[in-house]
Structures are given as C-alpha cells and as structure tokens.
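Please look through the following report with the sequence and the structure side by side. It takes up a few features in turn and asks where they lie.

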Amino acid sequence: MPQVIEWINPSPEDIIWKYPDETITWGAQLIVKEMEAAVFFRDGKAYDVFGPGRHAMTTANLPLL
C-alpha cells in the first residue's frame with residue numbers, strides 16, 4: 001500500500017501543517033483538499049506547489065525525491 005500524505009482534521013485556527021515524517025517514498029499519494037495547497041520545501045527553499053486533487057509523488061513531478 002502506498003504512503004498517503006493528507007492533512008486530517010485541521011482546526012479552524014490552523015493555517016499551516018508540517019508533515020511529521022521527513023521520508024516520502026516514491027509513488028506516495030498526496031491528497032490536497034479544496035482551498036488547500038501543498039508546498040514542498042527542502043533546505044529552506046520551496047520546490048513545488050500542488051493544488052487540490054490526488055497526486056502520485058514521482059521524480060517526474062517532484063525532482064527532489
């Protein structure tokens with residue numbers, strides 16, 4: 001089963017969430033809900049932004065993997 005990255009149960013006061021695991025495996029599924037954006041950072045630099053939808057994490061769409 002692929003790794004799933006999803007922000008579950010945000011509170012009304014939350015505006016940002018950091019995924020707790022630094023390891024993201026090839027083929028992981030990123031789920032971004034409406035009114036959300038997922039931003040991938042490495043070494044303090046933003047590398048990619050994903051909008052709403054289900055995204056499979058591969059080197060084609062996220063070269064830092």
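In which sense do E1 and strand E2 pair, and over how many bridges? In this predicted model, the two strands run in the parallel sense where they pair, and three bridges connect E1 with E2, which covers residues 29-32. One of the positions to look up is Glu 6, whose bridge partner in E2 is Ile 31.

## The open sheet

E1 and E2 belong to an open sheet of three strands, arranged in the order E1-E2-E5, and the pairing within this sheet is mixed. Strand E1 (4-6) and strand E5 (53-56) stand at the edges, and because each of them has a single partner strand, one side of each is left without a neighbour in the sheet. If direction is ignored, neighbouring strands of this sheet are turned against each other by 20° on average.

The side chain of Gln 3 is joined to the side chain of Tyr 19 by a polar contact of 2.9 Å.

## A nonpolar surface patch

Which residues make the nonpolar surface patch of about 300 Å²? The patch is made by Val 39, Phe 41 and Val 49. Of these residues, Val 39 can be found in strand E3, which comprises residues 38-42. Is Val 39 buried, partly exposed or exposed? With a relative accessible area of 39%, Val 39 is partly exposed, because this value falls between the limits of 20% and 50%.

## Two loop residues with positive phi

Met 35 lies in the loop between E2 and E3, and although Met 35 is not a glycine, its phi is positive, at about 70°. The relative accessible area of Met 35 is 82%, so this residue is exposed, as the limit for that word is over 50%.

What can be said of phi at Asp 43? Asp 43 is not a glycine either, yet it has a positive phi of about 55°. Its place is in the loop between E3 and strand E4 (45-50), and at 74% relative accessibility Asp 43 also counts as exposed.

Terms used:
Residues are numbered from 1 along each chain as its sequence is written. This is a predicted model: local features need pLDDT of at least 70, side-chain atom pairs count only at pLDDT 80 or more; totals for chains, interfaces and linings use all residues. Side-chain values use heavy atoms; hydrogens and water are left out. Two strands pair if DSSP finds at least two bridges between them. Helices (H or I, at least four residues) and strands (E, at least two) are DSSP runs, numbered from the N terminus. Axes are lines fitted to C-alpha atoms, for helices over the stretch in contact, and angles run from 0 to 180 degrees between N-to-C directions. Patches are made of residues with over 30% relative accessible area and no salt bridge: like charges are joined within 9 Å, nonpolar side chains (Val, Leu, Ile, Met, Phe, Trp, Tyr) within 5 Å. Accessible areas come from the Shrake-Rupley method with a 1.4 Å probe; for residues, only the protein chains shown count as cover. A salt bridge is a side-chain nitrogen of Lys or Arg within 4 Å of a carboxyl oxygen of Asp or Glu. Buried means under 20% relative accessible area, exposed over 50%, partly exposed in between (1.4 Å probe, protein chains only). A polar contact is a pair of N or O atoms within 3.5 Å; within protein, one must be able to donate a hydrogen and the other to accept it, and residues adjacent in sequence count only if both atoms are side-chain atoms.
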